[in-house]
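Student: I have a new model to look at and I would like to learn how to read its features. Could you take me through them step by step?

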Amino acid sequence: MGPERFFSAAGLLAPAFFSAIVITTVIADSFAGERERHTLETLLASRLSDRAILFGKIAASIAFGWAISISSILAGTITVNVVNWHGQILMFHDAASWLILLLGPPLMGGVVATAGVLVSLHATTVRHAQQTLGVAFAVLFLGIVFGSNSLPAEWKAWFARIIFTWSQTELVLAAAGLLLAIDLALLFAGMARFQRSKLVLD
C-alpha cells in the first residue's frame with residue numbers, strides 16, 4: 001500500500017480483520033483444548049468464579065488479537081515511512097482512522113472471541129471447534145455477500161444514502177455500536193451456557 005491508502009480508514013480494516021482471524025485459532029482452544037488435555041476439571045474445580053473463567057478466556061484472546069493487529073500496523077507504518085521518506089514522518093491524521101485503530105481490533109475480535117467460546121464450550125476437540133468456526137464464518141461471509149445483492153431496492157438506496165451522506169467518523173461510530181451490540185449479545189449467550197456441572201459431565 002502507498003501512504004495515501006495505508007494511512008486511511010479503509011487501510012486499517014485489513015489489520016482489524018487479520019486480528020479477528022488470528023483469534024479463531026486461539027479461542028477454539030479455550031475450552032475444547034482444556035477438555036482434550038484433561039485439564040478442564042481442574043480449571044472448573046478452582047476457586048475462580050464462572051465469570052472470571054469465561055471473561056478471562058475471552059479477554060486473553062482479544063488481547064492477543066489486538067497485540068497482533070497493533071504490531072502489524074506499527075510494522076506497516078515503519079515500512080511506509082522508510083519507502084516514502086521525504087524528511088517528514090507520515091502518520092494517521094483523521095479521527096476515523098484513530099477510531100478504527102482503537103475500536104476496530106477489540107470489537108471485531110470480541111465478536112470472534114465470544115462466538116468462539118460458545119463453540120468451544122461444547123466442542124469435543126480443538127479441531128472440531130476450529131472447523132465449526134471456519135464453516136460458520138464462511139457461511140456468514142457468503143450470506144452477507146450474496147444477501148446484499150438480493151436486498152430490496154429501497155434498502156439499497158437507504159444504505160447508499162447513509163454511506164454518501166454520513167462522514168467517515170459517523171460511519172465508524174455506527175459500525176462500532178453495531179459490533180458492540182453483537183459482542184454483548186454473544187457474551188450474554190456465553191454466560192447463559194457456561195454451567196460447570198454440564199461441562200464436567202460433557
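Student: Which residues form a nonpolar patch on the surface?

Tutor: Patches are made of residues with over 30% relative accessible area and no salt bridge; like charges are joined within 9 Å, and nonpolar side chains (Val, Leu, Ile, Met, Phe, Trp, Tyr) within 5 Å. Accessible areas come from the Shrake-Rupley method with a 1.4 Å probe, and for residues only the protein chains shown count as cover. Here Trp85, Ile89, Met91 and Trp98 make up such a patch, with about 450 Å² of accessible area together. This is a predicted model, so local features need pLDDT of at least 70 and side-chain atom pairs pLDDT 80 or more, while totals for chains, interfaces and linings use all residues. Residues are numbered from 1 along each chain as its sequence is written, and side-chain values use heavy atoms, leaving out hydrogens and water.

Student: Where is Met91 placed?

Tutor: Met91 sits in the loop between helix 5 (50-83) and helix 6 (95-122). Helices (H or I, at least four residues) are DSSP runs, numbered from the N terminus. Met91 is partly exposed, at 39% relative accessible area; buried means under 20%, exposed over 50%, and partly exposed in between.

Student: What is the volume of the largest pocket?

Tutor: On a 1 Å grid over the protein atoms alone, a pocket is an open set of points with protein on both sides within 12 Å along at least five of seven lines, and lining residues have an atom within 4 Å of a point. Grid points are joined across faces, edges and corners, and a volume is the space filled by probe spheres set on the points. In this model, the largest pocket has a volume of about 1,400 Å³. Of its 38 lining residues, Phe17, Met108, Leu140, Ile144 and Leu179 are the closest to the centre. Helix 7 gives the most to this lining, with 10 residues.

Student: Which salt bridges can I look for?

Tutor: A salt bridge is a side-chain nitrogen of Lys or Arg within 4 Å of a carboxyl oxygen of Asp or Glu. By this rule there are 2 salt bridges. Asp29 pairs with Arg37, their closest N and O atoms being 3.2 Å apart. Lys57 and Glu34 meet in a salt bridge at 2.8 Å, N to O. Lys57 lies in helix 5 and Glu34 in helix 3 (residues 32-36), so this pair ties together parts that are 23 residues apart in sequence.

Student: Is Glu34 buried or exposed?

Tutor: Glu34 counts as buried, at 12% relative accessibility.

Note on methods
Helix = DSSP H or I, 4+ residues; strand = E, 2+ residues; numbered from the N terminus. Buried < 20%, exposed > 50% of the residue type's maximum accessible area, 1.4 Å probe, protein only. 1 Å grid on protein atoms, 1.4 Å probe; cavity = no way out; pocket = protein on both sides within 12 Å on 5 of 7 lines; lining within 4 Å.
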